[in-house]
Amino acid sequence: MKPTPAIVCSAPMGAKEVAELKRLETAIDECLRSNYVEIGRALARITERKLYRSSAKTFEDYCRRTWGWTASTAYEYIQAAEVAASLRSLGQIPPSKECAISLATLDLAQQKQAWKTAIETARGRVTASHIAKVIEALTGRPPGAGPGD
């Protein structure tokens, strides 16, 4: 689907329209969060098989033209899907791309340990912020830092 040209509309929105916009944006956000695994798998397959080549010379160009994303965003989806796949055996996967990405700097054993701890210690929903605290406690290094940092 091609993006539509920008249309400027200066008409104010009523309360019902504002509420509808909020509801729809929430639905989009929830889909992006909950479907990150499928998005990542699809993008991995597209880049592995170079299925973008009919519309773009590079995967980076394909992501920008088709989805309006940087390649970094696309690779985050791929990485998050890989993390989720490695944690699936624990019976629960991270609820969002951000949560999965926060575990990506760890090796597989640490990912599993951090994820189990995050589930056990979260009060309610597991968040990326909570996972970051668990990782820091586990590794002694700030979130996102690699082993040599």
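What follows is a set of questions and answers on this predicted model.

Biologist: Which elements does the protein run through from the N terminus on?
Modeller: The protein holds seven helices and zero strands. From the N terminus on, the order is therefore α-α-α-α-α-α-α.

Biologist: What share of the residues in the protein is buried?
Modeller: Buried means under 20% relative accessible area. The protein has 149 residues, and the buried share of them is 31%.

Biologist: Among contacts between residues at least 6 apart in sequence, what share joins residues at least 24 apart?
Modeller: Contact here means heavy atoms within 4.5 Å. Of the contacts between residues at least 6 apart, those that join residues at least 24 apart make up 50%.

Biologist: How many salt bridges does a search of the whole structure find?
Modeller: The test pairs a side-chain nitrogen of Lys or Arg with a carboxyl oxygen of Asp or Glu, within 4 Å. Over the whole structure, the search finds five.

Biologist: How far apart are the closest N and O atoms of Glu20 and Arg23?
Modeller: Both residues sit in helix H1 (residues 15-34), three residues apart, so about one helical turn separates them. Glu20 is partly exposed at 40%, whereas Arg23 is exposed at 51%. Their salt bridge has its closest N and O atoms at 4.0 Å.

Biologist: Why can residues three or four places apart point the same way?
Modeller: Start from the geometry of the helix. Residues three or four places apart point the same way because an α-helix has, per turn, a residue count of 3.6.

Biologist: Which residues do salt bridges with shared partners join into one network?
Modeller: Through shared partners, the network takes in Asp61, Arg65 and Arg64.

Biologist: How many aromatic pairs does the structure hold, and how are Trp69 and Tyr77 arranged?
Modeller: The structure holds six aromatic pairs. Trp69 and Tyr77 have ring centres 5.0 Å apart and planes at 20°. Planes under 30 degrees apart meet the cut-off, so this pair counts as stacked.

Biologist: Which residue lies over the face of Tyr77?
Modeller: Tyr77 is buried, with a relative accessible area of 6%. Its ring partner Trp69 is partly exposed at 21%. Over the face of Tyr77, at 4.9 Å from the ring centre, lies Lys97.

Biologist: Which residues do ring pairs link into a cluster?
Modeller: Rings pair if their centres lie within 6.5 Å. Pairs of this kind link Tyr52, Phe59, Tyr62 and Tyr75.

Biologist: Which residue makes a side-chain polar contact with Ser86?
Modeller: Ser86 is found in helix H4 (residues 71-87). Leaving aside neighbours within four places in sequence, Ser86 is in contact with Leu108, Gln111 and Lys112. The side-chain polar contact, at 2.9 Å, is with Gln111.

Biologist: What separates the C-alpha atoms of Thr105 and Val83?
Modeller: Thr105 is found in the loop between H5 and H6, and is partly exposed at 30%. Val83 is 22 residues from Thr105 along the chain. Their C-alpha atoms are separated by 9.9 Å.

Biologist: What span should helix H7 have, and which helices are included in what covers its buried residues?
Modeller: At 1.5 Å a residue, the 12 residues of H7 (residues 128-139) should span 16 Å, which agrees with the distance of its end C-alpha atoms. Its buried residues are His130, Ile131, Ala132, Val134 and Ile135. The cover includes helix H5 (97-103) and helix H6 (108-121).

How values were computed:
Residues numbered from 1 in each chain as written. Predicted model: local features only at pLDDT ≥ 70, side-chain atom pairs only at ≥ 80, totals over all residues. Heavy atoms only, no water. Helix = DSSP H or I, 4+ residues; strand = E, 2+ residues; numbered from the N terminus. Buried < 20%, exposed > 50% of the residue type's maximum accessible area, 1.4 Å probe, protein only. Expected span 1.5 Å × (residues − 1). Polar contact = N/O pair within 3.5 Å; in protein donor to acceptor, adjacent residues only side chain to side chain. Phe/Tyr/Trp six-rings, centres within 6.5 Å; stacked < 30°, edge-to-face > 60°. Lys NZ or Arg CZ within 6 Å of the ring centre and 35° of its normal.
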